[in-house]
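Colleague: I am new to this structure and would like a close look at one part of it, the way the strands pair. Please take it step by step, and then link it to what lies around it.

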Amino acid sequence: MKFGFSTAGESHGPAEVAIVHGVPAGLGLLAEDIDRDLARRQRGYGRGGRQKIEQDRVEFLGGVRHGYTLGSPVAMLVRNRDYANWEERMNPAPVERPPEKITLPRPGHADLAGMQKYAHDDLRNVLERSSARETTARVAAGAVARKLLGEFGITVHSAVYRIGGVAYPRELAVRDAAKADASEVRCPDPEITERMKAEIDAARYARDALGGEFVVVAEGCPPGLGSYVDWRDKLDARLAAAVMSINAIKGVDFGLGFGLAARRSSEVQDEILLEDGRLARASNRLGGLEGGMTNGEPVVISAAMKPISTIARALRTVDLSAMEPARAFRERADSCAVPAAAVIGEAMVAVVLAEAFLEKFGQDNMTDIRASYEAYLGRIGR
Ligand SMILES: Cc1cc2nc3c(=O)[nH]c(=O)nc-3n(C[C@H](O)[C@H](O)[C@H](O)COP(=O)(O)O)c2cc1C
Ligand SMILES: C=C(O[C@@H]1CC(C(=O)O)=C[C@@H](OP(=O)(O)O)[C@H]1O)C(=O)O
């Protein structure tokens, strides 16, 4: 089966689960490879009380033996520590006294259409799964992809270059993405980091919330991942869909982004040069993708996240039980989750790149993949 993953789990249920299929045999994989990214996702200025409760750690349930993958699906479990506080409300088994139903759908969430679509009369049945808690499992899957890519020198980093009204030049965020882990908001610049934190504090003080923008940068990709031949194989489209699937992401662009549209062609295309007898590019304005394939330059994909929907200053809604105007249901919420979204962005990008990488080089075992990869690099002279 093709490389990919599924997730299961509700935000306040017992656990988040990821099953990654199509993982080659013979890949070294330790719990700490996964836990590192789980911890990075949990960090970030502006998160609410939930992250103090959770300490995400993976348990392998299948596909790994003595530190190496077997070629079978890798099954991973991350327990929700908060479940202990929610057992009455989230127990999979019937309970004696069911909790009161919630009927105040929150604008900006899956609540209203989710209740209508799935015939739920309690919005908890929607919000538990639509919550971004599910991205814990995605990051676990992404860490498997990252481990695989790392074996071939491919790295994936991210940086935040906007929170609310405070922005940092995108090209500097791209350049210094590898240093962003040191910042509480994933912005490589210490001064802008402080301004972004103040922006988050101000929004929280106003009982409001913020969004922002981040960039994911993948370095070391060989040319030719993805394909121009079929629309379904185009890597830019696949990357865009994967990043857009993250909760609250409302737009995605590549390289210089939508700004390309206002420029002349000579200011946009990346000219092809010969440097010491090797092919090179004069620039990387298109973000490493041409014709739906990697071109050997860093892949640069940016995303815009809308502000967190649930705010202390509750928004207008309708109580669906009484069909009367009301204020939206409020639960503990983050004030800003852009730094976490950037880490989730890395995971989704890593998964798509791993999938495309294994399409190109085979997927049964690491030895054969390595041989195929080296033969290809030899043929194209890289
Ligand atoms: C890491 C992360 C944390 C989030 N935390 C919250 C939160 O605390 N409160 C909230 O209302 N939305 C939060 N969101 C956004 C919602 O999950 C999202 O807006 C909602 O599921 C509706 O999906 P949509 O915005 O993609 O349409 C978070 C998103 C991410 C990626
Ligand atoms: C739990 C996480 O994020 C949650 C995502 C989220 C939402 O609506 O998306 C709402 C909040 O849930 P809670 O009310 O339990 O605090 C966040 O904390 C997480 O990222 O681990």
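Modeller: Two strands are said to pair here if DSSP finds at least two bridges between them. The model is a predicted one. One contact point can be named: Phe60 has Met76 in S6 as its bridge partner.

This pair belongs to an open sheet of four strands, and reading across the sheet gives the order S1-S2-S6-S3, with antiparallel pairing. At the edges stand strand S1 (4-8) and strand S3 (58-62), each of which pairs on one side only. On average, neighbouring strands of this sheet are turned by 25° against each other, with direction ignored. Helix H1 (residues 31-42) lies across S3 and S6, and its course is at about 135° to S3.

A second open sheet is made of five strands, in the order S8-S7-S9-S15-S10, again with antiparallel pairing. Its edges are strand S8 (166-167) and strand S10 (249-254); each has a single partner strand, so one side of each has no neighbour in the sheet. Between strand S7 (residues 155-163) and S8 the antiparallel pairing rests on two bridges. Here Ile163 is placed opposite Val166 in S8.

Helix H9 (residues 235-244) lies across S10 and strand S15 (299-305), at about 155° to S10. H10 lies across S7, strand S9 (212-219), S10 and S15, and runs at about 145° to S7.

Strand S11 (residues 272-275) and strand S12 (residues 278-281) run antiparallel and are joined by four bridges.

Helix H10 (residues 338-361) gives the largest share of the shell around ligand 1, three residues. Asn247 sits in the loop between H9 and S10. Of the 21 residues around ligand 1, those that come nearest are Ala132, Asn247, Thr310, Asp334 and Ala337. Sorted by class, that shell holds ten nonpolar, nine polar and two charged residues. Ligand 2 is surrounded by 13 residues, with Arg50, Ser131, Ala132, Arg133 and Arg332 the closest. The shell of ligand 2 has two nonpolar, five polar and six charged residues.

An unreviewed UniProt entry lists residues under "binding site", including Ser131, Asn247, Thr310 and Arg332. The listed residues are spread over 204 residues of sequence and also in space, with up to 44.3 Å between C-alpha atoms.

Helix H11 (residues 366-380) has 15 residues and, at 1.5 Å a residue, should span 21 Å; the C-alpha atoms at its ends are 21 Å apart, so the two values agree. After H11 comes Gly381, with a positive phi near 70°.

Terms used
Residues numbered from 1 in each chain as written. Chains lettered and ligands numbered in written order. Predicted model: local features only at pLDDT ≥ 70, side-chain atom pairs only at ≥ 80, totals over all residues. Near = placed C-beta within 6 Å. Nonpolar A, V, L, I, M, F, W, Y, C, P; charged D, E, K, R; others polar. Axes fitted to C-alpha atoms, helices over the stretch in contact; angles between N-to-C directions. Contact = placed C-beta atoms within 7 Å. Expected span 1.5 Å × (residues − 1). UniProt positions renumbered as here; feature names shortened; annotations may be inferred.
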